[in-house]
Amino acid sequence: MVMNNKIINSKKIKYCRICGSESIKEILNLGKQPLANNLKKDINFKEQTFPLVICFCQNCKTVQLTETVDSKTLFSKYFWVTGTSNVAKKYSKLFFERSKKYLNSNNDFILEIASNDGTFLKPFKEKGYRVLGIDPASNIAEIAINNGIDTYIDFFGIKAAKKIFTDKGKANLIFARNVIPHVENIKDVIEGVSLLLNDNGVGIIEFHRADIILDELHYDSIYHEHLFYYSITSLTFLLSEFNLYPFDLDVSPISGGSFVIYFSKEIRKKSIFLKNEIKKERNLGVDNQTKWELFAKNVHSHSKSLFKLIKDEKLNDKTIIGYGASARSSTLLNFCDFSDLNIKAIADKSDFKHGFFSPGTNIPIISPLEALKLNPDVIILLAWNFKDEIINELKQIYKWSGKVIVPLPYEPKIIEI
């Protein structure tokens, strides 16, 4: 998504988006921030900013943003391409192996909601299954189409579900990976899933874990695209509204730790792992407002510690670059008050992002090769959730050595490579 002069609309909620309760309590205010994926070509362009605040619903226990930004602005153009991540490509094969046990024949129909470049549908396609992706970002969806993955360019909801039903029929498997936190009218999406899912079919939702956000201080995962921060408890509440019932759970390496929940129209026996993780959430206090208030306090402390680390290195006349111009990096950079004055550039593998500047902080985004030509002494790992992959590339491909600041999880730390 590229900044232009168009005025972007937003609105503040008065009620919980899930249950309609007025009992929503502000937890953490990250200030007014630009949109995390609104990269800009002109460094002097003045972005719109919007309140970045999370609240806690005292009724259904859902953590969510207080502000809703127009979805067409956020998602009609997009910069994250799944296939640029080796971790994601490797995980797509594991995801397929886990999912195929719920399929009966190669003629089964598989639907992915927010399918991006089709990376996760590709293994199904290669095995002969009928596949369809749906994604509103035309620039990314076209990559999938060019790679042979049938894709509708649209937002998913009941209207799109009816079209798919007419064109393709009901699906044996429907999955949505790291998308349901993005959707304002989430009930429209889940109703669409309920309409399209076969009576004996299986739905799969992958979502960034509220328990990890709470416990490991993942405040950089909070940005305007992510309206919701689901727990198993809050997601189960949502699914139950449409007579959909979770029965199993897996874990995913994506987004610094995600859950993958399996559900169906029929009530199935819950797995031991699902039951145990529900207990762990309760013990951690994911559904406890006081725990989230402590989280907010720790976030402020963390940001001060991280800023001091960068400031100390800069005072020692070190050249500092970032690695990973992800959406989550925008929250971290803006909240911690970084800019092009203390971080010289951000390296990123995606060609889509080269030549742009980071929102709010005006740091140029360039290729890893260009960034390393700046001879950095220190790299702050903004895409810390891909730490092992990036560090391996820095050592093996670019032969770089020096200090790496890993901002999260928990307290920021410096490692030497």
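Which residues does F96 touch, not counting residues up to four places away in sequence? They are P123, F124, K127 and Y129, where contact means heavy atoms within 4.5 Å. This is a predicted model, in which local features need pLDDT of at least 70 and side-chain atom pairs count only at pLDDT 80 or more, while totals for chains, interfaces and linings use all residues. Residues are numbered from 1 along each chain as its sequence is written, and side-chain values use heavy atoms, with hydrogens and water left out.

F96 belongs to helix α2, residues 86–99, helices being DSSP runs of H or I with at least four residues and strands being runs of E with at least two, numbered from the N terminus. Because its relative accessibility is 5%, F96 counts as buried (under 20% relative accessible area, with exposed over 50% and partly exposed in between, using a 1.4 Å probe and protein chains only). From F96 to L111 there are 15 residues in sequence and 13 Å in space, C-alpha to C-alpha.

The sheet comes next. Its 7 strands form an open sheet with mixed pairing, in the order β8-β7-β6-β9-β10-β13-β12, two strands being paired if DSSP finds at least two bridges between them. The edge strands, each pairing on one side only, are β8 (151–153) and β12 (245–252), and the twist averages 20 degrees from one strand to the next.

Within this order, strand β6 (residues 109–113) pairs with β9 in the parallel sense over 4 bridges, and it also pairs in the parallel sense with β7 (residues 130–135), over 5 bridges. I110 stands opposite L173 in β9 and opposite V131 in β7. Strand β9 (residues 171–177) is largely enclosed by the rest of the structure, because 7 of its 7 residues are buried. With β10 (residues 197–208), β9 pairs in the parallel sense over 6 bridges, and here F175 stands opposite I204.

Finally, the helices α5 (residues 158–168) and α6 (residues 186–196) pack at about 20 degrees with their axes 8 Å apart, axes being lines fitted to C-alpha atoms, for helices over the stretch in contact, and angles running from 0 to 180 degrees between N-to-C directions. That angle makes α5 roughly parallel to α6, a term for angles under 35 degrees. On the α5 side, I158, A161, K162, I164 and F165 meet D188, E191, G192, L195 and L196 of α6.

Technical notes: Parallel < 35°, antiparallel > 145°, perpendicular 65-115°, else oblique.
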